[in-house]
Amino acid sequence: MLWFERQVVRALAQDADPGQLAAIETYVDGALRAMPEHIRLGVAAESVALGGWSKVDGLRRRSGGAAPGPRLGPLESSPIGPVRQYVRLIKSLVIFAQHEQPEPSA
Amino acid sequence: MTTIETEMLVIGSGAGGAVTAAMLAEAGHDVTIVEEGPHIEPGTMEPFSLEEMVTKYRHQGGSAALGNPPVAYAEGRCVGGSTEINSGLWHRLPAHFATEWQRRFRIDEFTPEALDGYAESVEQVLSVSRLPGAPPASSAVLENGATKLGWRSVEFTRAFRYDTGEGVKQTMGRTFLPRATAAGATIVADCRVQKLLRSGDRIIGVKASRTRPEGGTEPVTIMADHVFVCGGAIQSPALLQRSGIRRNIGNGLKLHPTIKIAARMPYALDHGDVAMHRVTEFSPDLAIGGSVGRRGHVALALAESGNEAGNDEALADWERFGIYYAAIRSEGSGRVLAVPGVASPVVTYRLTEGDMSKLTRGLVHLGELLLAAGATELYPSVVKGEVVRSTDELVQWWGSVTRARTNLMTIHITSSIRMGEARDLTGTDSYGAVWGLENLRVNDASLVPDAPGINPQATIMSIAARNTAQFLAGR
């Protein structure tokens, strides 16, 4: 999983405890690795591009005192289809993992 | 390097491959079945669970046909193929499609009566039957809604046995594959066929790669007198293209694009199975049915809706939710393209404006039906889609099914090679023999000439049985 992908997962699963978060990250990482190569390549390219945008955006916002981490709202409502689909894809993986991972055994 | 010699090589162990292999083996032939995915003992995984998705689905379920909008699709990748992950619903090919396809693609001996005969023989092996007793609540929702609206609905038969009390899906791993091995066939699992080996107008074998149990892979060559490609409508054309066979291979792909609604009912629903009722009022262009609705599926549906503020409350009530769908018989079509050096083929699909219109109509009809059945809230699979609570509010959906906002998926994938004597349209003859090659046959969903508008498993298996019988009769 690339740096920005992990940032997006953590932003989406911010309510998860460390154990759940690790399980979600493992699942998302596996799902991204298992994708058809051409789709994974497209997702990775977007991750690099959006990661760059996020860093610049983060620096600008931190100078104004805002919280760190990627802002997903603008990406989800982006006029660019692949950008919206990028967030939708990772969000669906996170949500599915959050609700379908087996409970850790006691 | 391991070399295997066999008389009949069947590539793929799903609905097409398992029938082919069993019939060949029972006729006394030496048969080897190669399956790319692993062998999973039937009954050892919870159906529709995350574990099943990771283990039995190709790409862990992360496949999509590229297009605007993209269409997510699922394929099985394990011994038994997609029959191990589907709902087991069974519907014979409607007679008018057999007649229409026979004429349009010039398919010999493709009469409804002939296909029904093969369907009947397959049905006996699969114990195709109806659920004994009353349907579960999730399925009764469809029946009740249809009754209230005066729409036609049917309880579909399924490839299920009920003699042990609980219904057991009769997958290929439980039926035709054990028959094949009992008749002497060998199954080689975890073995991906990379390329067909050709000499003149004959296929002499295949080059493959087998995953070792201890890790790593080993090259395998399988020499065969006859090769049957049964990898499904995505993998079969990709293998043929990788082997230099391209004429009418990979085009004409058909899907049943599906749009969904998560419906909140005033009572708890069952969540471990798929509804067996279907609303056939608008068939074959539009079918309405039920999908699996586990907590994760409900959470996904709620997250897409325009009701973010109420999602936590709704999710806490997830056991009252069911997931229902409207599937269309698409006018559009797609392509499968093997890219040199890349394992996964690129799949594309183009939905027409007519398809988008049908999907909108399907969503609204599905909403009407669910409200008539007593649903209190409807969440459509449309990004920021309006949550609907009454029939008056359904009007909001007419403008919401746009290419940018709709989320589509399918599990029905067919027609990427097509059979028949109309050589300008087809990749094989009337029985799956690939044009220009003496001993290469395709025998799976790829051959189905067009989208059947119903669950295609019965059509795929009937055609596979028909073609194998013709092969055996001709020898």
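1. In chain B, B:Ile11 has B:Val229 of strand 13 as its bridge partner. The two strands involved are strand 1 (residues 2-11) and strand 13 (residues 217-229) of chain B, which pair in the parallel sense over nine bridges. Strands here are DSSP runs (E, at least two residues) and helices are runs of H or I (at least four residues), numbered from the N terminus; two strands pair if DSSP finds at least two bridges between them.

2. A word on the model, which is predicted: local features need pLDDT of at least 70 and side-chain atom pairs count only at pLDDT 80 or more, while totals for chains, interfaces and linings use all residues. Residues are numbered from 1 along each chain as its sequence is written, and chains are lettered from A and ligands numbered from 1 in the order in which they are written.

3. B:Val229 also has a partner in strand 24 of chain B, namely B:Val442. Strand 24 (residues 440-442) runs parallel to strand 13 of chain B, and three bridges join them.

4. Strand 13 of chain B has an antiparallel partner too: strand 12 (residues 202-211) of chain B, over seven bridges. Strands 12 and 13 of chain B form a hairpin with five residues between them, and B:Gly215 in the turn has a positive phi of about 105 degrees.

5. Elsewhere in chain B, four strands make an open, antiparallel sheet in the order 20-19-14-23. Its edges are strand 20 (346-350) and strand 23 (413-414) of chain B, each pairing on one side only. Strand 14 (residues 251-255) of chain B meets strand 19 of chain B through two antiparallel bridges, and B:Leu253 stands opposite B:Gly334 in strand 19.

6. Do have a look at B:Gly332, in the loop between strand 18 (321-328) and strand 19 (333-337) of chain B. B:Gly332 counts as buried because it has 20 C-beta neighbours inside 10 Å (buried is 20 or more other C-beta atoms within 10 Å, exposed 12 or fewer, partly exposed in between, with C-beta atoms placed from the backbone). Leaving out residues up to four places away in sequence, B:Gly332 touches B:Tyr349, B:Arg350, B:Leu351, B:Thr352 and B:Asp355. B:Thr352 is 20 residues away in sequence, with 5.4 Å from C-alpha to C-alpha.

7. Finally, the two chains: 16 residues of chain A are in contact with 19 residues of chain B (contact means C-beta atoms, placed from the backbone, within 7 Å). On the chain A side, helix 5 gives the largest share, seven residues.
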